[in-house]
Amino acid sequence: MPRITSVDSPGCPPLRAITTDILGLIKVIEARARPAGIAKVVETWGEPDASRAILVASLADRAVDPVLAVARKNGVVELLNPLNGDALAVVKSSRTEQTVGAVENDPLVALHLFRKHAPDLTTLGTFLACTEKGKASVRSVAKENTASDSDVGPSSTWDVCNKGTLQFSSVDAGENYAVFGGNGMEVNLWDITSCSKMWSAKSPRANNVGIFTKPWFTAGTFLCKDDHRKIVACTNNHQVRLYDTASQRRPVVSVDFRESPIKAVVGDPDGHTVYIGTGTGDLASFDMRTGKLLGCYVGKCSGSIRSIVRHPELPLIASCGLDSYLRIWDTNTRQPLSAVYLKQHLTTVVIDSHFSAEESEETKSKQSDSSMVAEAAVRREKKKKNVLVEEDEEGTQMVDPDDCDAEAVIRKEKKKKKKKTVPEDNEETQMVDPDEGDAETVRKEEKKKNRRVAEDEEGTQMAELNGSDAEMYAPKRIKSESGERSKGMKKKSKKQQVA
């Protein structure tokens, strides 16, 4: 398990840093609170793609029209706007006749975007790019041809080394000289304007046993801003060397630091202090005038440090590496100020020195105001659309009021007619015409008379047959006739009452 020391982070001053990683993502980290705040990720640009991993990046830190250049694994250099992440240009660093396999075998290892070449009416920017096999090129990008995927404008190319592999490249503050170094090649100084070698280092003498060490330089930088003759180079054999091109070819000062390779180095504005990071996560500072170790930074990183950057104004440095953390340190106390976990292995970190919390708040407030206005306009449009839709639906459903009145009147008349006809039909079914009732009574009386006549005839016949029997039956017939008459009268009275 790696050694990790947990230290409380007091927070860092207003700061804006940009990091790149192996998945091709660019992340913006900002700390806005005063006097000290916590750094947070505010923006992420790009999509994760391992084939477009960012190997190295460079920032033209200008107050007006800053530009960020990133070199990707597929051999493409992109120029971006560091304020919003918009792509400004895409340039192929390799020649067009090279294949994809050749680009993969010779990737970009160094990139520097020139600051003094401020963009004018025709030029967007100029950058220096170096491949692993030592092919260096200076190219300019014109604004009129930024849409094309090819390099434009004046360019120059030269070979930095004939053998070995290039590991690092650094440009001085005046941007006139560049220093190169790598595995199997000594440190050498070149004039960028004339593309000529000015100085080359010489290997140190053999040790007491007579063993000669092979040159393997992993990082380097210029010690002073005003003097390009003093060069600090770090080796894979955990050595920090100071070269003075004006005095000799061998190192003036050489210091060993622990037992791991040194992967990153950066100079301080004071002109004599450097900050180094090792492959095991150690961070320290040296005074190169005497080679004295000033101290190690508290809180060990858990992965190899790949990039260190010094803020030009504030007393702090930022480091990143394979532990996926961006760490910000105080150079005076060597204490960690803030740490941000960024998930991927980081390759490069740069700092925007012109960032201010007040400007960011103003821009944010402006953006919020503009967003509020836009949202209000959208809401108004939605309301108008809803009103129009409702009116259309009402128009389809509504009918003319005159037509409605006419229909209502017709319905009422129909209902009245129905109500009138129904009771009339019921009365007709229940009531009987009196004339028809009298006719029925007459018919019944005729039937009764016929019955009486038939009975009289039968009585006469019976009397003839048997006189005694006729006498016996005579009073019964009289009684039955009288009863039938009384019943008929009762029925007539009831029918008359009903009628």
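Strands β9 and β10 (residues 135–142) pair in the antiparallel sense over seven bridges. Strands here are DSSP runs of E with at least two residues, helices are runs of H or I with at least four, and both are numbered from the N terminus. Two strands pair if DSSP finds at least two bridges between them. This is a predicted model, in which local features need pLDDT of at least 70 and side-chain atom pairs count only at pLDDT 80 or more, while totals for chains, interfaces and linings use all residues. Residues are numbered from 1 along each chain as its sequence is written, and side-chain values use heavy atoms, with hydrogens and water left out.

**Strands around β9**

- Strand β9 covers residues 123–131, and eight of its nine residues are buried. Buried means under 20% relative accessible area, exposed means over 50%, and partly exposed lies in between (1.4 Å probe, protein chains only).
- On the β10 side, C130 stands opposite A136.
- Three residues separate β9 from β10 in a hairpin. In its turn, G134 has a positive phi of about 90 degrees.
- β9 also pairs with strand β8 (residues 108–113), in the antiparallel sense and over five bridges. There, L113 has F127 of β9 as its bridge partner.

**The D268 site**

- D268 sits in the loop between β20 (262–267) and β21 (273–278).
- D268 is buried, at a relative accessible area of 9%.
- The D268 side chain makes a polar contact of 2.6 Å with the side chain of Y275. A polar contact is a pair of N or O atoms within 3.5 Å; within protein, one must be able to donate a hydrogen and the other to accept it, and residues adjacent in sequence count only if both atoms are side-chain atoms.
- The side chain of R310 also makes a polar contact with that of D268, at 2.8 Å.
- Leaving aside residues up to four places away in sequence, D268 touches L223, T273, Y275 and R310. Contact means heavy atoms within 4.5 Å.

**Salt bridges**

- The whole structure contains 12 salt bridges. Each is a side-chain nitrogen of Lys or Arg within 4 Å of a carboxyl oxygen of Asp or Glu.
- One of them joins R16 and D352, whose closest N and O atoms are 3.7 Å apart. This pair links distant parts of the chain, 336 residues apart: R16 is in strand β1 (residues 15–21), and D352 is in the loop between β28 (346–351) and α2 (357–397).
- R16 is buried at 4% relative accessible area, and D352 is buried at 13%.
- A salt-bridge network links R16, E30, R32 and D352.
- D227 and R229 meet in a salt bridge of 2.9 Å, N to O. D227 is buried at 13%, whereas R229 is partly exposed at 39%.
- R289 and D287 form a salt bridge, with the closest N and O atoms 3.1 Å apart. R289 is exposed at 58%, whereas D287 is buried at 11%.

**Aromatic pairs**

- The structure holds seven aromatic pairs. Rings of Phe, Tyr and Trp (its six-membered ring) pair if their centres lie within 6.5 Å; planes under 30 degrees apart count as stacked, over 60 as edge-to-face and the rest as tilted.
- The ring centres of F257 and F286 are 5.6 Å apart and the planes stand at 90 degrees, so this pair is edge-to-face. F257 lies in the loop between β19 (253–256) and β20, and F286 in strand β22 (residues 283–287), so the pair ties together parts 29 residues apart in sequence.
- F257 is buried at 4% relative accessible area, and F286 is buried at 1%.
- Y325 and Y341 form a tilted pair, 5.2 Å centre to centre with 50 degrees between the planes. Y325 is in strand β26 (residues 325–330) and Y341 in strand β27 (residues 336–341), so the pair ties together parts 16 residues apart in sequence.
- Y325 is partly exposed at 29%, and Y341 is partly exposed at 48%.
- W199, F217 and Y243 form one aromatic cluster.

**Confidence**

- The protein chain averages a pLDDT of 79, and 67% of the residues score at least 70. pLDDT is the predictor's confidence in each residue, from 0 to 100.
- Over residues 396–404, pLDDT stays under 50, and the model has one contact there beyond four places in sequence.
- Over residues 421–437, pLDDT also stays under 50, with zero contacts beyond four places in sequence.
- Where pLDDT is low, the predicted coordinates should not be read in detail.
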